[in-house]
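This report looks at the packing inside a two-chain model and at the contacts between its chains. Please read it with the structure open.

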Amino acid sequence: MSTAPQWKNPVVRWVDERLPIFTYMDHEYNQFPMPRNLNYFWNFGALASIVLVVMIVTGIMLAMQYTPHVDHAFNSVERIMRDVNYGWLIRYIHMNGASMFFIVVFIHMFRGLYYGSYKAPRELLWMLGVVILLLMMATAFMGYVLPWGQMSYWGATVITNLFSAIPLVGEWIVTLLWGGFAVDNATLNRFFALHYLLPFVLVGVVGAHVVSLHITKSNNPDGIEMKGPQDSVPFHPYFTAKDSVGMGFFLIFFAFFVFFAPNYLGHPDNYIEANALVTPAHIVPEWYFLPFYAILRSITFDVLFIPAKLMGVILMFGSILILFILPWLDTARVRSAKYRPIYKYVFWVFLIDCIVLGWVGAQPAEGTALIIGQIGTFYYFIHFLVVMPVLGKIETPLPLPASIAEPVTGGGGGASAGAAAAKMEKS
Amino acid sequence: MADTATSPETGDEDAGRRDFLALAAGGMGVVGAASFAWPLIDSMNPSAEVLALSTVEVNIDPIAEGQSITIVWQGKPVFIRRRTADEVAAAKKGDGEDLRDPQKDGDRVQNDTWLVMIGLCTHLGCIPLGQKGTDPKGEFGGWFCPCHGSHYDTSGRIRKGPAPTNLPVPPYKFVDDKTILIG
């Protein structure tokens, strides 16, 4: 199955002998062995790459119409909405595409958390994924500044001011980021330049992520390795088809927001032009930053010698950076939550904790919401630093199936859905 | 894919169905991609506020005989020249010459006195000289393009040099004796 194909077309053969793109594509996207038991949660990596392409394409078109200058930025966006042919469509795709990207990537990540996809030998694959998340966040943040509305301006002010919490050099760094003494034209210009640059860096890291994936191969709901051809099906047509089905549903979901609720995920305040003299009453980041924003705001007290402001910043960044060491914090040998009777519930508690933090992030930082945020932040870190290491030691996992094929075929080849697929492949 | 489609147990009928499915799915994919691509491409076309600038009204009253003005229409220079009797006569005389882009002077103007045309050389888009009294006007007394040496006569027709066609006449009309509307 994995033999090098013989290309019949002489032009294809000529190229392939000199630059084996056809052999590579055949090997990585045609014959490439995928675990036969993947469920629809394995669609989300492909969906994320589709969104990335959509964002880059629509973003390039928008950049052709946008003016990165404090006097013109807001109006140039309104011009895109009113005067540019299909400008409203392209901007709404790009705007909602950012949310879609995070929806897809968050599901992709929680998939990884549930099925233990971050564990050996996929640690680096997972870490590259965390780098992708950080790049996405930086790109999304800077993109949100470009329309130069009130939320753009004050979001940029608040987030760049995070760096002022760094002892000694903080103020110097903030001035450097701004290119001035407040968020202003220089800031807008560099954010535009970086917002255009980072997606291409993202493409590079995604490339590394995919190469790494194709070395280790996909994890699967059972969390056990493929042991032979009976455990796998070729990427094409099985996963080209399955990914296409998922893509169809996803694009309907995406289109619903673009056409029927384009501003549902945004803030009305961002349709007011930036004003350096008036802060909106209630500053809220985009929804995908809310849990991290909640963590930032939950630290209202000094921790030993660390001031509250700095501790909030440390924990906010720490809440993402901790994912880098998750492969080593999780001591369980069994990957999939399917065979981990306690982790199965711990996972959901953690997911709910993240959702609660997201809710807290959208509330004013006071009263009950603040306390819930503090509890949620505490548990977030307890989950990684205490629960994951300890649980791996004390939990008794369920017996793993002997192979991926065994539970679906009943060991020999029963008449289950998976076996039907296997028959199709053979016949 | 090839190894599954050509195995002996597969009847021709199945292979045909599979081909049909592949073609139908591929066709839908192309339609989908094209309908996504079109708005992106169309966004590069002139936008509404650019199209809104498609007409310009010009007051021609102050232009003296033998004088030209250059105005901007759709981002392009438009030459408006109040021709002298000699220039009109030279233009009429040119009707009988061997022209690269044959056109009667009468077909290029609405009023013999007023010559209105887009002031971009039809070779590669430079602005020909000849609007000012001190400009070189070429061998035919009209306009001369300094970029690659095209000579235009007093009707703006190409007479010598690399340009393929006459200077184009934009759509325009006389609103009254003193005003023309270009576009």
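A residue counts here as buried when its relative accessible area is under 20%, as exposed when that area is over 50%, and as partly exposed in between. The model is predicted, and the values below are computed from it.

A:Phe102 belongs to helix H5 of chain A, and, apart from residues up to four places away in sequence, A:Phe102 touches A:Leu133, A:Met136, A:Met137, A:Ala140, A:Trp287 and A:Tyr288.

Beyond its neighbours within four places in sequence, A:Phe200 is in contact with A:Ile56 and A:Ile60; the C-alpha atoms of A:Phe200 and A:Ile56 are separated by 8.4 Å, although the two residues are 144 residues apart along the chain.

A:Ser164 is found in the loop between helix H7 (150–161) and helix H8 (170–178) of chain A, and, with a relative accessible area of 12%, A:Ser164 is buried. Its side chain makes a polar contact of 2.8 Å with the side chain of A:Lys309, while a polar atom of the A:Ser164 side chain lies 2.5 Å from the backbone oxygen of A:Asn161. Once neighbours within four places in sequence are set aside, the residues in contact with A:Ser164 are A:Gly170, A:Glu171, A:Val174 and A:Lys309.

The accessibility of these residues is set out below.

| Residue | Relative accessible area | Class |
|---|---|---|
| A:Ser164 | 12% | buried |

In soluble globular proteins, nonpolar side chains tend to be buried together. In this model the largest nonpolar core has 118 residues, among which A:Leu113, A:Trp148, A:Tyr343 and A:Tyr380 touch the most other members. Helix H5 (residues 87–115) of chain A gives the largest share of this core, 16 residues. For A:Leu113, not counting residues up to four places away in sequence, the residues touched are A:Tyr118, A:Trp126, A:Leu326, A:Tyr343, A:Phe347 and A:Phe350. There is also a second, separate core of 13 residues, which includes B:Ile60, B:Ile71, B:Val78 and B:Trp114.

**The interface of the two chains**

Where chain B meets chain A, 16 residues of chain B are in contact with 18 residues of chain A, and the area buried between the chains is about 1500 Å², with 62% of this area given by carbon and sulfur atoms. One salt bridge is counted between chain B and chain A: B:Glu49 forms a salt bridge with A:Arg79, and the closest N and O atoms of this pair are 2.4 Å apart. Six residue pairs, both residues at pLDDT 80 or more, are in polar contact across the interface. On the side of chain B that touches chain A, the elements giving two or more residues are helix H2 (12–42) and helix H3 (48–51) of chain B, with H2(B) contributing the largest share, five residues. Taken by class, this side of chain B has eight nonpolar, six polar and two charged residues.

How values were computed: Residues are numbered from 1 along each chain as its sequence is written. Chains are lettered from A and ligands numbered from 1 in the order in which they are written. This is a predicted model: local features need pLDDT of at least 70, side-chain atom pairs count only at pLDDT 80 or more; totals for chains, interfaces and linings use all residues. Side-chain values use heavy atoms; hydrogens and water are left out. A nonpolar core is a set of buried Ala, Val, Leu, Ile, Met, Phe, Trp, Tyr and Cys residues joined through side-chain atoms within 4.5 Å. Buried means under 20% relative accessible area, exposed over 50%, partly exposed in between (1.4 Å probe, protein chains only). Helices (H or I, at least four residues) and strands (E, at least two) are DSSP runs, numbered from the N terminus. Contact means heavy atoms within 4.5 Å. Buried area is the accessible area (1.4 Å probe) that two parts lose on being put together, summed over both. A salt bridge is a side-chain nitrogen of Lys or Arg within 4 Å of a carboxyl oxygen of Asp or Glu. A polar contact is a pair of N or O atoms within 3.5 Å; within protein, one must be able to donate a hydrogen and the other to accept it, and residues adjacent in sequence count only if both atoms are side-chain atoms. Ala, Val, Leu, Ile, Met, Phe, Trp, Tyr, Cys and Pro count as nonpolar, Asp, Glu, Lys and Arg as charged, and the others, Gly among them, as polar.
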